[in-house]
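Dear colleague,

A short account of the findings follows.

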Amino acid sequence: ILTGLDYIILISTFVFSLLIIANLQPENYGIFSIASATYLVITSVLQSFFVLPFIRTISRYLGKKDFTAISYVYGLSTIVALISSIIIAIIHFEASPFIAVYILGYPEVIEYMKLLSINIVTSLIAALFRGFLLSLKSYRKLALSRLADGLFYIVGIYAMVLVYDWTVLAIVIGTDVYLLFSCLVTVFLAIAETRKRKIAFKVTFQKTLLKETFSLGKYFIVGNSLAYIFIRWDIFVVSIIVHDSLLIGYYSFAKNLVYRVRFLFTKVNALLYPVFSEQEASSDIRTMNKLLKAGNIISLVLSTPIAIFVAIFSKEGIILASVFIEKMYAYVNASNILAIFGLILIPYALDVAIIPYFNGIGEVDKLVKANSILLGSSLILLPVLSLYSNIIGAAIAYVTSQYLRTIYWVISAHKRVGINFRRYVNTLISSILSIIIVKVSFDTLEQLLVGLSIIVHSHISFLIIPLLLIHSLITYIFLVR
């Protein structure tokens, strides 16, 4: 039941996010993205610093059944995270005018940035306690936490929309409200779990324990910090170099839309992480290697047709959405940016298969190397391409950096298990052939129904069915050979 509700919430929040994007319109959505960028970068870095080593340490002591150590880690991590996030939130609040005016060049976002400061605290604490539930393997309460998060996302923001209409202020305050209530529910669920397991909340400073905690997660801290900075820092660059809230709205729309499609691959990720965990690394390494190879092929088969489909039919997809949400048509000029971002689904799908493998066998230092390539290439490509090719250049730079990181992962996996690149090529060829067939069919329908193209556009979603059927057939033929 909870799994079914999880999918319903995922779809509901996706649809609601489209309503927000459509009703704000591109320029206001760009303003909201600029105002959110600073606190999101800070929150992401804090989460990688506190949450990841916290999860690893709790899991380690849970395996030893050392509940005394868990109590110390639980109490100390919570207090340090709470105090740190409050201090940083206050600094963010006070520094908002300087950042908005002298760095971003958007004085109109000052008040929004101030209002969003509280989310540094609520987001970190919620992530910390969700990590606690995950490390304790309390999957039922973790699922309830995710359900509450999705529910409050819809209810909290819509409640503010009823008060302030579809404005940036409504979305900002609604975001504050939803994150606050989501945080409170998550904390309540985590406390209930600790009482059930009789885990105390001890705040005594343990230098050795603290050192061990960060030592276990040092590669995760550095590696994920690099990745989180990459995910968010592009808005800063685009704001400074492009400096056009309308184009930033287009960019944010395309990027966020594609990233919300990632839930298609998170289930694959969730299945592979337990198998590739350190607890399983000492078992049958041959089986793990086979799973890695199979995971890569499955990821390609799932992601490649969808990525190419988005790249080719991005404009038609926006027109389709405007049939149901009329104001979405304002983003039709973002179709080229969406087409570029659609290609990011391929490297992301491969990453969710390869990264758990290397983390599971203990080679977590590769995470730092991979994300150094990710952020390092972005530091060069993003400013240069944004300067010379405007917002399109920014999108190309972002996607290129993702591919460079994935190339590193694929090469590392090949050295470890000997990947059959022929299967990679066969999968790509089958996807391209499938897309060509669907594209020709679509163009033929448009010509036959000239003057009634809106009918074709409104039924484009049905094209995904023959696309996937044809793709599966051709892929099967290639892989069998």
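A residue is called buried under 20% relative accessible area, exposed over 50%, and partly exposed in between, using a 1.4 Å probe and protein chains only. The accessible areas themselves come from the Shrake-Rupley method with a 1.4 Å probe, and for residues only the protein chains shown count as cover.

This is a predicted model, in which local features need pLDDT of at least 70 and side-chain atom pairs count only at pLDDT 80 or more, while totals for chains, interfaces and linings use all residues. Residues are numbered from 1 along each chain as its sequence is written, and side-chain values use heavy atoms, with hydrogens and water left out.

Salt bridges

A salt bridge here is a side-chain nitrogen of Lys or Arg within 4 Å of a carboxyl oxygen of Asp or Glu. By this rule, the model has five salt bridges. Helices, as named below, are DSSP runs (H or I, at least four residues), numbered from the N terminus.

Lys 141, Glu 193 and Arg 197 are joined in a network of salt bridges. In the pair of Lys 141 and Glu 193, the closest N and O atoms are 3.1 Å apart. This pair links distant parts of the chain, with Lys 141 in helix α5 (residues 139–164) and Glu 193 in helix α6 (residues 168–197), 52 residues apart. Glu 193 also forms a salt bridge with Arg 197, at 2.7 Å from N to O. Those two residues both lie in α6, four residues apart, about one turn of the helix. Glu 193 counts as buried because its relative accessibility is 2%, and Lys 141 is buried as well. Arg 197, at 29%, counts as partly exposed.

A further salt bridge pairs Asp 351 with Arg 405 (2.8 Å, N to O). It connects helix α13 (residues 345–360), which holds Asp 351, to helix α14 (residues 365–417), which holds Arg 405, across 54 residues. Both residues are buried.

Nonpolar surface patch

Patches are made of residues with over 30% relative accessible area and no salt bridge; nonpolar side chains (Val, Leu, Ile, Met, Phe, Trp, Tyr) are joined within 5 Å, and like charges within 9 Å. One nonpolar patch of about 1,200 Å² includes Phe 98, Tyr 102, Ile 240 and Ile 380. Helices α2 (67–104), α8 (218–241) and α14 each give two or more residues to the patch, and α14 gives the most, with five. Ile 380 lies in α14 and is classed as exposed because its relative accessible area is 58%.

Yours sincerely
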